[in-house]
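Student: Could you walk me through this model? I'd like to go question by question.

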Amino acid sequence: MITIEGAIDLHVHAGPELFVRRGDALDFAERARAAGMAGILLKAHHEATTSRAQLASRLVPEVEVYGSITLNRYVGGFNPYAVGAALALGARAVFMPTFHSREHIAEFGAGTYGIAAMTVPDHLSGSGAGLSVLDDGGELLPEVRQIVRLVAEHGAFLATAHLSTTEIETLVEECASVGTRCLITHAFHVPRGDEDFYRRMARRGAYVEIAANIAYPIAVHQGHAMTLQQAADLIASVGPERTVISTDGGQPFAPWPPDLLEAFVNSLANVGVAEADLRRMICTTPREVLGLPADSAPPEGDTTTG
Ligand SMILES: [Zn+2]
């Protein structure tokens, strides 16, 4: 049995949110502590999670709880002021748009993931074409360039969320030239890129996230699933030093994130992924994405992350 002790889950959805969640930030931090995990990063579709992360970190000091911001219309889309404020308050990740992105709307429709529990009312749905990081000529928007620089200045990382493969390629190039760490989230979900795409992006310096949820029933139902073999092949192709295993968990139809993570890494072990590689992808590579020292405790006195 492979343990998730010391793991950092870079992608969990705690409540309150526009969708039903299993619990709030404190519930998630307590579960992570019980599993011996080192940290969790909170994502929300509608607001920065910095405040709740800071409170949860104080209440559960054994677990580092990191905050983030997601650039849906609820924060003004590609809004450098919202990003700047979140980073100033300790956000460690800036997620590109999720269900307000052009790619998401094309894949799932506006304001929905295709299931009732993950559908928002019309006035919150962000209908229309949706957000893209590119202008009509295929160039990155100036405000997106500004955000990429802000992320680098604060030593945080940028996550691609629900952008298309074309958008991601452009953004990964920009991140490489600026020196911004970039994580391509939930491979095979959105975007649907193939193995070759992820390998090319990793060679350009991006990290690739394999999210446990994408191997579970709702993703199968959505038609956006990944098999264990696909995950194992992707790890072999990209390499554990560029791959992060997280959960994207928190939904009521998925197990609590630590249980989801443990089940998933043990499943991958059973299709041939080496234990040392699995441990690297849940402990060490996430630390590198966060910009932390490779394998040690957080810096002394640094308990106010979030
Ligand atoms: Zn997510």
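**The metal site and its surroundings**

Tutor: Let's start with two residues: His13 and Asp248 are both buried, where buried means under 20% relative accessible area, exposed over 50% and partly exposed in between, with a 1.4 Å probe and protein chains only. Keep in mind that this is a predicted model, where local features need pLDDT of at least 70, side-chain atom pairs count only at pLDDT 80 or more, and totals for chains, interfaces and linings use all residues. Residues are numbered from 1 along each chain as its sequence is written, and side-chain values use heavy atoms, with hydrogens and water left out.

Student: Which residues coordinate the zinc ion?

Tutor: Donors are N, O and S atoms within 2.8 Å of the metal (3.2 Å for Na, K and Ca), and water is not among the atoms, so sites may look incomplete. The coordinating distances run from 2.0 to 2.3 Å. The donor spacing in sequence is H-x1-H-x234-D. The residues are His11 (NE2), His13 (NE2) and Asp248 (OD).

Student: How many residues apart in sequence are the parts that His13 and Asp248 tie together?

Tutor: Helices (H or I, at least four residues) and strands (E, at least two) are DSSP runs, numbered from the N terminus. His13 sits in the loop between β1 (8-12) and α1 (25-34), and Asp248 in the loop between β9 (243-246) and α10 (257-270), so the pair links parts whose separation in sequence is 235 residues.

Student: Which peptide bond has omega near -5°?

Tutor: Look at the loop between β1 and α1, where Pro16 is placed. The bond there is cis, and it runs from Gly15 to Pro16.

Student: What is phi of Ala161 near?

Tutor: Most residues other than glycine have a negative phi. Ala161 is in the loop between β6 (157-159) and α6 (165-178), and it counts as buried at 0% relative accessibility. Its phi is positive, near 50°.

Student: Is Phe188 buried or exposed?

Tutor: Phe188 belongs to the loop between β7 and α7. Phe188 also has a positive phi, about 80°, although it is not a glycine. With a relative accessible area of 9%, Phe188 is buried.

Student: Which residues is Gly126 in contact with, leaving aside its neighbours within four places in sequence?

Tutor: Gly126 is in the loop between α4 (102-108) and α5 (142-153), and at 14% relative accessibility it counts as buried. Contact means heavy atoms within 4.5 Å. With those neighbours left aside, the partners of Gly126 are Arg73, His100, Ile105 and Ala110.
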